[in-house]
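Morning, everyone. Please bring up the model on your screens, and we will walk through it together.

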Amino acid sequence: MKQVTGNNGTVLHREEPVQNGSLPQEENIYRRILKQYWGYDFFRGIQEDIIRSIGRGEDTLGLMPTGGGKSITFQVPALAKEGLCIVVTPLIALMKDQVQNLKNRGIRALAIHAGMNRQDIITTLENCIFGPYKFLYVSPERLDTDIFRAKLSRMHVNMIAVDESHCISQWGYDFRPAYLKIAEIRDLLPGVPVLALTATATPQVVDDIQKRLHFARPNVFRMSFERLNLAYIVRHTENKQEELLHILHSMAGSAIIYVRSRRRTKEIAELLTAEGITTDYYHAGLDDATKDLRQQRWQRGDSRVIVATNAFGMGIDKPDVRLVIHIDLPDSIEAYFQEAGRAGRDGQKAYAVILYAQSDKTQLKRRIPDAFPDKEYIKDVYEHLQYYYQMAMGDGAGCVREFDIEDFCRKFKYFPVPVDSALKILTQAGYLEYTNEEDNTSRLLFTIRRDELYRLHETDADTELLIRTLLRNYTGLFTDYAFINEDTLATRTGFKRQHVYELLLRLSRLHIVSYIPRKKIPHIIYTRERVDISEISIPPSVYEERRKRYEQRIEAMLDYAANETVCRSRMLLRYFGEKNEHNCGLCDTCLTLRNKQKNPTPSPKSIRTAIIQTLKSTPNLTPAQVAGTVATDKDIVAGILRDLMDERILTCENGLLKMQEVTK
Ligand SMILES: [Zn+2]
């Protein structure tokens, strides 16, 4: 661990000597817990410093790269105290993983997310009040509900942990308005300390996180983000496919290839497959089962390469990835650093490569108007949305509508990308809420009458148990669609989730139920009534300022790709406010620099001497052959040869060079 000087003097972390044998009582508790539940004897890196800080009740911000063991920093101190730790995290899949992980260690944990119905949420919250639970995971959107706030006041909360805390900052690349609710939750829990964690934050974002979470005083712990085994490379090439194949053929090991579009994932995967490289592709548009299957195949090493959009990678922990290649540039250093950082988690040498062509610069800049369409355009989208839903002026407050962007764009002749951006901007400006939440709820309706149900004969025991469980747990299934939860059904029947899913599909095929499995359906929620477009105002904080920051991030990414002189590792670390004094020695600029030092350009005089020496021992060489014997530019050699002929030291006959015969 090393000391890092941070921005604005807010970085207070210092290496503190550990005196063995005289550890304070609190540390013994933490190490005992670590040993008891995780089986480790010692903490890694700055884990223990963070734990001690939050354990003392101080608001704390921990900056640790992915894979640095973030979750231990709130799990251990929360276990050392009475009460419940509330963990705010945006990714439902990760939430479920962590809850399962804790359960496997014998620790009681629960989660509340969008996939649950009201009754399940109430039961979960009641359990947190009355049961011996230690962790409650919550997605930020759930913090805003009345039911959550009402129950919260009756819980004995010992700390709040905020994962991916950079999402609270408008300065960050991944701002989520729902994160701002965390500060309100703090007001409901006076005296409860907060631990914010992130794996990516510029100095500006570091300050902003603390401000927005109402830190009592600045308090940051930072682990170096330097990756000693990772070589950052940028390859300038006008033939990316050829370069890609060259790299994959000349290096072994598992690889992730990032591209920008879903279509390209498939194209590149086909190209690689045709070359005999086992490859799968992955993007958010695939169904869950396919995504799981492909991810697992790659994880096990059954396929060597996965070609993916940036939807791939969250929660993936494959230690032996040797290569991460970006065919298209990401739109920020933050995103790049996270994606590249998936290589070499095992500590063995790995490569993060960008393939960069001249046209990439223009292409990246073209994303600016896509991400920030004109304000007139945004208002236009708002207006058409009202036609789409036939929403009258003054109506709409509280309405939730499914939103099919393809359909909307077809009807009103829009392109999806700027429409998506326009809706996000309208969300930030407070006119509606456009959500893309991964985990919508499945729905089910019986399409036969209740009395017909008892006359069914072709159902087996499993199906009967499932039907009984459905009827016991949900009401109104014969009159309207009810929200159901396959996980709950799995628990209550004792079946595997997949089995529940298959049984439901079978019932659906038999026309006994109509089953709509959950999928990624975007929604538009009207947070206020429909207004006239003349009244719509999009403030600079939502538009101009954010657009400027987006442009700055793109510029930084382009600077990185175009750079040929500064060590790439240093450049990345500096972006995140870390000042290290040495070059990495692995990146392409470091290697170029080293080669230059090893083989300095020879002086014209030494080249001249070398040429004369060569031709003395081996006459009758072509100029090209002579040039091949000296390690320097062909043009320089040609110039020297001309000089030597002018001075009548050399002669050239039939294109062959030799020394001038000296007549005595
Ligand atoms: Zn370097």
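**A walk through the model**

In α16, residues 405-412, the buried residues are Ile405, Asp407, Phe408 and Cys409. Buried means under 20% relative accessible area, exposed means over 50%, and partly exposed is in between, with a 1.4 Å probe and protein chains only. Helices are DSSP runs of H or I with at least four residues, strands are runs of E with at least two, and both are numbered from the N terminus.

What covers the buried residues of α16? The cover includes α15 (375-389), α17 (416-428) and β15 (433-435). At the start of α16, a side-chain oxygen of aspartate 404 comes within 3.2 Å of the backbone nitrogen of glutamate 406. After α16 comes lysine 413, with a positive phi near 55°.

Now some housekeeping. This is a predicted model: local features need pLDDT of at least 70, side-chain atom pairs count only at pLDDT 80 or more, and totals for chains, interfaces and linings use all residues. Residues are numbered from 1 along each chain as its sequence is written, and side-chain values use heavy atoms, with hydrogens and water left out.

pLDDT is the predictor's confidence in each residue, from 0 to 100. The chain's mean is 87, and 93% of its residues reach 70 or more. Over residues 1-22, pLDDT stays under 50. Where pLDDT is low, the predicted coordinates should not be read in detail.

Next, the whole chain. The protein chain has 27 helices and 21 strands. Its C-alpha atoms fill a box of roughly 125 × 70 × 60 Å along the principal axes. Of its 664 residues, 51% are buried.

On to the core. A nonpolar core is a set of buried Ala, Val, Leu, Ile, Met, Phe, Trp, Tyr and Cys residues joined through side-chain atoms within 4.5 Å. The largest one has 108 residues, and Leu136, Phe148, Tyr232, Phe403 and Leu423 touch the most other members. Helix α22, residues 544-562, gives the most to this core, with 7 residues. Apart from it lies another core of 30 residues, among them Tyr30, Ile51, Ala78 and Val87.

Now the metal. Which residues hold the zinc ion's protein donors? They are Cys567, Cys584, Cys587 and Cys590, each through SG, at 2.3 to 2.4 Å. Donors are N, O and S atoms within 2.8 Å of the metal, or 3.2 Å for Na, K and Ca; water is not among the atoms, so sites may look incomplete. Along the chain, the spacing is C-x16-C-x2-C-x2-C.

Why is the arrangement tetrahedral? Because the 4 donor atoms subtend angles of 102 to 120° around the zinc ion. Four donors count as tetrahedral if all angles lie between 85 and 135 degrees. Cysteine 587 is buried, at 0% relative accessible area. Cysteine 590 is buried too, at 7%.

Last stop, arginine 530. It sits in the loop between β19 (523-525) and α22. Is arginine 530 buried or exposed? Buried, with a relative accessible area of 11%. A polar atom of its side chain lies 2.7 Å from the backbone oxygen of methionine 391. Contact means heavy atoms within 4.5 Å. Neighbours within four places in sequence aside, arginine 530 has contacts including Tyr382, Glu383 and Gln386.

How values were computed
Tetrahedral: all angles 85-135°; square planar, octahedral: opposite > 155°, others 65-115°. Polar contact = N/O pair within 3.5 Å; in protein donor to acceptor, adjacent residues only side chain to side chain.
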